[in-house]
Amino acid sequence: MTHAIRIHEFGDTDVLRWDEVEVGVPGPGQVRLQQTACGLNYIDIYMRTGVYPVELPAILGMEAAGVVESVGDAVSGLAPGDRVAYAMVPGGYAEARLIDAEKLIKLPDAIDDQTAAAMMLKGLTAHYLLFRTYPVKPGDSMLVYAAAGGVGSLLSQWGSYLGATVIGCVGSAEKAELAKSYGCTHTILYREEDITTRARELTGGEGVAVVYDGIGKATFEASLDSLRPFGMMVSYGNASGNVEPFAPKILSPKGSLYVTRPTLATHTATRELLVEGAERLIDAVTSGIVNIDINQAWPLAQTADAHRAMESRQTTGSTVLTVD
């Protein structure tokens, strides 16, 4: 019998249950996937707690890698034995599952399953932030929160490669050293330093071109005040809670600023968008532009431990949940 991590109510980590589930056979356009590794992301916590409500009972998890077991009718380009990965498809915390074939990306031999499971959602997020939301140019300065974390480490590496001066905001001296290894030219210790003051000092008083803020409520004002005139505030997450409603008129005296709230779901909504991002991500990883650091791993059955570690900010880089 196949097992999955499922919730029947919203709440703390004690709502995570190791349930037996039926998978079945793939229908038209579907694939049955034997999963080998699942990615851990903050969106999983939002869903567990009900910040992002889902229909219950629900299997959590939004990315994984594995091997195609069987294919349904009208599936082309995939066959049993193919190694694949996906992101932004609910139901990832499972030993096996059914999934639409068009959501899958075939993996090259150079990328192992755990790396693939760790990189898809975070890497595709970094891709759309850097190439679509605010296309980073050589000489730009960018402020990245949680620069030692999953998305932050990829933003820092990729942004540095694109020629930006990356300022990483982190919570400890240890994470600051890690952020520098990911390409941050400067770091800000947010528990000890004023973010805005330090960001302006590091940019000669001008402010940064773009802020990539996955924290939300606790950092929103500091992010706006760290921008140069015509700068862009990209709010792509809410680890500290939702940003409070604000009047758009506050943006004009701060320098005619731009604010946007994008989501990966939109940037992978079509096959064309998904493939474009995935191909660029795979190229960045295989060429060494971006390294996927898997600094923590738990068996899928111990997902609650992984959630607790992420919520208490004990994790760095990427985390995977392994399937035996």
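This is a predicted model: local features need pLDDT of at least 70, side-chain atom pairs count only at pLDDT 80 or more; totals for chains, interfaces and linings use all residues.
Biologist: Is Asp 82 buried or exposed, then?

Modeller: Asp 82 counts as buried because its relative accessibility is 18%, and the cut-off for buried is under 20%.

Biologist: How do I read the whole fold? How many helices and strands are there in the protein?

Modeller: The protein has nine helices and 16 strands. Its radius of gyration is 20 Å, close to the 20 Å from the globule rule for 324 residues, so the protein is as compact as a globular protein of that length. The C-alpha trace spans about 60 × 40 × 35 Å along its principal axes. Of the 324 residues, 55% count as buried. Now take the contacts between residues at least 6 apart in sequence: 68% of them join residues at least 24 apart.

Biologist: And the core? Which residues touch the most other members of the largest nonpolar core?

Modeller: General idea first: in soluble globular proteins, nonpolar side chains tend to be buried together. Here the largest nonpolar core has 88 residues, and Met 142, Leu 155 and Tyr 212 touch the most other members. Helix 2, residues 113–133, gives the most to this core, with 11 residues. There is another core lying apart from it, with 18 residues, including Leu 202, Val 208, Val 211 and Phe 220.

Biologist: What does Met 142 contact, leaving aside its neighbours within four places in sequence?

Modeller: With those neighbours left out, Met 142 is in contact with Leu 130, Val 136, Leu 155, Gly 159, Ala 164, Thr 165, Val 166, Ile 167, Val 208, Val 210 and Tyr 212.

Biologist: Now the gaps. How much space lies in the largest pocket?

Modeller: Rolling a probe the size of a water molecule over the atoms shows where empty space is left. In this model, the largest pocket holds about 1,100 Å³ of space. Its lining has 48 residues, and Tyr 42, Ala 146, Gly 214, Ile 215 and Ala 239 lie nearest its centre.

Biologist: Which elements give two or more residues to the lining of that largest pocket?

Modeller: Those elements are helix 1 (42–49), helix 2, helix 3 (150–161), strand 10 (165–170), helix 7 (264–267), helix 9 (303–311) and strand 16 (318–322). Helix 2 gives the most to this lining too, with four residues. By class, the lining residues divide into 25 nonpolar, 17 polar and six charged.

Biologist: Last topic, the backbone. Which peptide bond is cis?

Modeller: Most residues other than glycine have a negative phi, and most peptide bonds are trans. The bond from Leu 56 to Pro 57 is cis, with omega near -5°. Pro 57 is found in the loop between helix 1 and strand 4 (58–59).

Biologist: And what is phi of Ala 74?

Modeller: Phi of Ala 74 is near 65°, a positive value in a residue other than glycine. Ala 74 is in the loop between strand 5 (63–71) and strand 6 (83–87), and at 78% relative accessibility it counts as exposed. Ser 256 is not a glycine and has a positive phi of about 50°. Ser 256 is in the loop between strand 13 (227–235) and strand 14 (258–260), and at 37% relative accessibility it counts as partly exposed.

How values were computed:
Residues are numbered from 1 along each chain as its sequence is written. Side-chain values use heavy atoms; hydrogens and water are left out. A nonpolar core is a set of buried Ala, Val, Leu, Ile, Met, Phe, Trp, Tyr and Cys residues joined through side-chain atoms within 4.5 Å. Buried means under 20% relative accessible area, exposed over 50%, partly exposed in between (1.4 Å probe, protein chains only). Contact means heavy atoms within 4.5 Å. On a 1 Å grid over the protein atoms alone, a cavity is a set of points where a 1.4 Å probe fits but cannot get out, and a pocket is an open set with protein on both sides within 12 Å along at least five of seven lines; lining residues have an atom within 4 Å of a point. Grid points are joined across faces, edges and corners, and a volume is the space filled by probe spheres set on the points. Ala, Val, Leu, Ile, Met, Phe, Trp, Tyr, Cys and Pro count as nonpolar, Asp, Glu, Lys and Arg as charged, and the others, Gly among them, as polar. The radius of gyration is taken over C-alpha atoms; the globule rule is 2.2 Å times the number of residues to the power 0.38.
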